[in-house]
Amino acid sequence: MEFEVINKNKDELVFMVNGADIAFVNAIRRICMMEVPTIAIDDVNLVKNDSAMFNEVLAHRLGLLPIASDIKSIEGLVMPDECDCGEYCPQCSVPMTLNKKGPCVVYSKDLESLDQKIKPVYDTIPLLKLKEDEEVCLEAYAQLGIGKEHAKWQPTIVCAYKFYPELTFGDECTSCGNCAGACPRGVLQYNNNKVEIMDLTNCSMCKSCYRACDDRVINISFDDSKFIFKIETDGSIPPEEVLLKACDVLSDKADKIIEIV
Amino acid sequence: MIPIRCISCGKPVSAYFDEYQDRIAKGEDPKAVLDDLGITRYCCRRMLITHVETW
């Protein structure tokens, strides 16, 4: 199996997998979304909430905040169901507090975490608005969890793959350039009386070029053992860590099956 | 209040809301601002474009 990174930045990783089975690639995709643990606020104790926002709405908003949960930050933290404390202990949960008096807009940066590393990824998320003399006072517990249980624990926002497109021209091609004009994604370009393929990974196989071609000499197909995989995260975990963790989870699952059989 | 995440894909769009509003108020083109903020998908773009701040 071959890998090639096509594009990579802070929250996004696009790579090519060559020589893989579709079942394997799909397993990786599903585990990336559903079984890579992240941290999210799971329980909120509201001491005071004078704002116009309902308690449960506020608690829901807090739950959706992306919280830093890369390997370094979550080191030593265990899943709540593996912890024998019964409620909240430093081993399985991170307490956070929010104390604010209006008039102001309360942002995610106002949430004070007991752990310096485990805190909201973005400082600028507006949580609620407080008017004159209104107060909010709450404590929240962030815990590890997986996307299977609730979408707030999903590390990825876009996690998808597609087959690698194949585009070939027949011998009867007259280089008219109609296909290049029809391509909505700029994959084909017409330069010096010749049609050139610019960026094949961007092709969505829409067949616009095929329909624009009078002689129908363009062949569009895909290679079913070659994939373009895209992982985009909400910022809580870098995408390459999501992929590595997903591979670990898959290999653990495989080991379990071998044990049983 | 704007939803924390994009309803369709889950991108935390609310993190860019204040900057988006400020820049629109200064007269910048919404399209240019969204492109600059890196909000590329149309599901996320509509979250910011269509939001009306009421209270």
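Guide: Strand 1 (residues 2-8) and strand 2 (residues 12-18) of chain A pair in the antiparallel sense over 6 bridges. Two strands count as paired if DSSP finds at least two bridges between them; strands (E, at least two residues) and helices (H or I, at least four) are DSSP runs, numbered from the N terminus. This is a predicted model, in which local features need pLDDT of at least 70 and side-chain atom pairs count only at pLDDT 80 or more, while totals for chains, interfaces and linings use all residues. Residues are numbered from 1 along each chain as its sequence is written, and chains are lettered from A and ligands numbered from 1 in the order in which they are written.

A hairpin through 3 residues joins strand 1 of chain A to strand 2 of chain A. Within this pair, Phe3(A) has Val17(A) in strand 2 of chain A as its bridge partner. Strand 2 of chain A also pairs with strand 12 (residues 218-233) of chain A, again antiparallel, over 7 bridges. There Phe15(A) stands opposite Phe229(A) in strand 12 of chain A.

Another hairpin is formed by strand 10 and strand 11 of chain A, with 2 residues between them. Asn192(A), in the turn, has a positive phi of about 50°. Strand 10 (residues 188-191) and strand 11 (residues 194-197) of chain A are antiparallel and share 4 bridges, and Tyr190(A) faces Val195(A) across the pair.

Elsewhere in chain A, 4 strands form an open antiparallel sheet in the order 3-8-4-6. Its edges are strand 3 (38-49) and strand 6 (112-113) of chain A, each pairing on one side only. Strand 6 of chain A is held to strand 4 (residues 93-101) of chain A by 2 bridges, and Met96(A) has Ser113(A) as its bridge partner. Helix 2 (residues 55-64) of chain A lies across strand 3 and strand 8 (135-145) of chain A, at about 150° to strand 3 of chain A. Axes are lines fitted to C-alpha atoms, for helices over the stretch in contact, and angles run from 0 to 180 degrees between N-to-C directions.

The domain assignment, which is automatic or from a database, gives chain A domain 1 (2-34 + 157-231) and domain 2 (38-153). The centres of these domains of chain A, taken over C-alpha atoms, are 41 Å apart.

Helix 1 (residues 22-34) and helix 5 (residues 239-260) of chain A pack at about 110°, with axes 9 Å apart. The two helices of chain A are therefore roughly perpendicular, a term covering 65 to 115 degrees (under 35 is roughly parallel, over 145 roughly antiparallel, the rest oblique). Ala27(A), Ile28(A), Ile31(A) and Cys32(A) of helix 1 of chain A meet residues of helix 5 of chain A including Val242(A) and Leu250(A); contact requires C-beta atoms, placed from the backbone, to lie within 7 Å.

Between the chains, 16 residues of chain A are in contact with 13 residues of chain B. On the side of chain A that touches chain B, strand 7 of chain A gives the most, with 3 residues.

Conventions
Contact = placed C-beta atoms within 7 Å.
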